[in-house]
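This briefing concerns the structure shown below and is written for a reader who is new to the subject. Please keep the structure in view and locate each residue as it is named.

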Amino acid sequence: MDVYEVINRRRDVRAEFTGGPIDPDVLRRVLSAAHAAPSVGMSQPWDFVLVRDAETRGEFHQHVHDERATYAATLTGERAATFERIKIDGILESTLSVVVTYDPDRGSPTVLGRHAIADAGLYSVCLAIQNLWLAATAEGLGVGWVSFYREDYLRELLGIPSSVRPVAWLCLGPVERLQEVPDLERHGWRARLPLDEVVHHERYPTRSG
């Protein structure tokens, strides 16, 4: 696949994981792609925690579904009915999980390029995640980003120091298929905006109202 095909095939996978094995060489290529991401001041502020243990994943799954219930309780009417149909994770079905963290002390105290934008290091970690996701897609694997969790809970679960931020719990593994239409669009939660609505020239548009 060329890069544009990979970008357009990439999906946030929930229900399609097979649980099958990942070839160690493939996993290393995917992680190497993540580690090749650009980073502010060459700080490389990420770490990748590979979680295979069933008990750990089960505990996290329970926490995620407790948070799902908390969010669901804020919804009413059509939003509640639509959300009820949406699967939010593949924690138990995927082959393994990759927790990506951000260490702001990596490269400190003189991280070149971060003095004016404090979040530049966090942006770097997001670039590593995107590299991982695209590489996994090119390898025929699926990735699902789990966002229903409390950071302090995940820190305690995996022994992450208080100074390090857990940015993403990613489910990773072979899939039956990748959906043609993203889940949230397929279930009617949101539709993708047309490109022309988000491209502007010279200045940010004036908002009416």
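In this predicted model, helix α3 meets helix α6 through T56, E59, F60 and H63 on the α3 side and Y153, L154, L157 and L158 on the α6 side. Sorted by class, the residues of this contact comprise five nonpolar, two polar and one charged. The points below treat the geometry of helix packing, then aromatic pairs, individual residues and the backbone.

**Helix packing: α3 with α6**

- Two packed helices are described by the angle between their axes and the distance between the axes.
- Helix α3 covers residues 54-72 and helix α6 covers residues 151-158; their axes come within 11 Å and cross at roughly 165 degrees.
- Angles over 145 degrees count as roughly antiparallel, and α3 and α6 are therefore roughly antiparallel to each other.
- The crossing of α3 and α6 is right-handed.

**Helix packing: α2 with α5**

- Helix α2 (residues 24-35) and helix α5 (residues 120-138) have axes that come within 7 Å and cross at roughly 150 degrees.
- The helices α2 and α5 are therefore also described as roughly antiparallel to each other.
- The crossing of α2 past α5 is right-handed.
- From α2, the residues V30, L31, A33 and A34 make the contact, and from α5 the residues A128, N131, L132, A135 and A136.
- The contact of α2 with α5 contains eight nonpolar residues, one polar residue and no charged residues.

**Aromatic pairs**

- How many aromatic pairs does a search of the whole structure find? The search finds seven.
- One of these pairs is formed by Y71 and F83, which are arranged edge-to-face, with 5.2 Å from centre to centre and 85 degrees between the planes.
- Y71 lies in helix α3 and F83 in helix α4 (residues 77-84), so that this pair links distant parts of the chain, 12 residues apart.
- Is F83 buried or exposed? F83 has a relative accessible area of 5% and is therefore buried.
- Y71, with a relative accessible area of 32%, is partly exposed.
- Y71 also pairs with F148, again edge-to-face, at 5.8 Å centre to centre and with 70 degrees between the planes.
- This second pair links distant parts of the chain as well, with F148 in the loop between β3 (141-146) and α6, 77 residues from Y71 in helix α3.
- Ring pairs join Y71, F83, F148 and W189 into a cluster.

- F48 belongs to strand β1 (residues 46-51) and counts as partly exposed, at 22% relative accessibility.
- The C-alpha atoms of F48 and V98 are separated by 6.1 Å, although the two residues are 50 residues apart along the chain.
- Apart from neighbours within four places in sequence, F48 is in contact with L31, A34, H35, V98, V99, V100 and A128.
- T101 belongs to strand β2 (residues 96-102).
- T101 is buried, because its relative accessible area is 4% and the limit for a buried residue is under 20%.
- Residues touched by T101, leaving out those up to four places away in sequence, are P45, W46, D47, V125, I160, V164, R165, P166 and V167.

**A residue in helix α1**

- N8 is located in helix α1 (residues 3-9) and counts as exposed, at 56% relative accessibility.
- The C-alpha atoms of N8 and E180 are separated by 9.3 Å, while the residues are 172 residues apart along the chain.

**Backbone features**

- Most residues other than glycine have a negative phi, and most peptide bonds are trans.
- Which residues does a cis peptide bond join? The cis bond joins S108 and P109, with omega about 5 degrees.
- P109 is part of the loop between β2 and α5.
- M42 is not a glycine, yet its phi is positive, near 55 degrees.
- M42 lies in the loop between α2 and β1 and is exposed, with a relative accessible area of 62%.
- E202, which is not a glycine either, has a positive phi of about 75 degrees.
- E202 is placed in the segment after α7 (183-186) and is exposed, with a relative accessible area of 83%.

Technical notes. Residues numbered from 1 in each chain as written. Predicted model: local features only at pLDDT ≥ 70, side-chain atom pairs only at ≥ 80, totals over all residues. Heavy atoms only, no water. Axes fitted to C-alpha atoms, helices over the stretch in contact; angles between N-to-C directions. Helix = DSSP H or I, 4+ residues; strand = E, 2+ residues; numbered from the N terminus. Parallel < 35°, antiparallel > 145°, perpendicular 65-115°, else oblique. Left-handed = near helix turned anticlockwise from the far one by under 90°. Contact = heavy atoms within 4.5 Å. Nonpolar A, V, L, I, M, F, W, Y, C, P; charged D, E, K, R; others polar. Phe/Tyr/Trp six-rings, centres within 6.5 Å; stacked < 30°, edge-to-face > 60°. Buried < 20%, exposed > 50% of the residue type's maximum accessible area, 1.4 Å probe, protein only.
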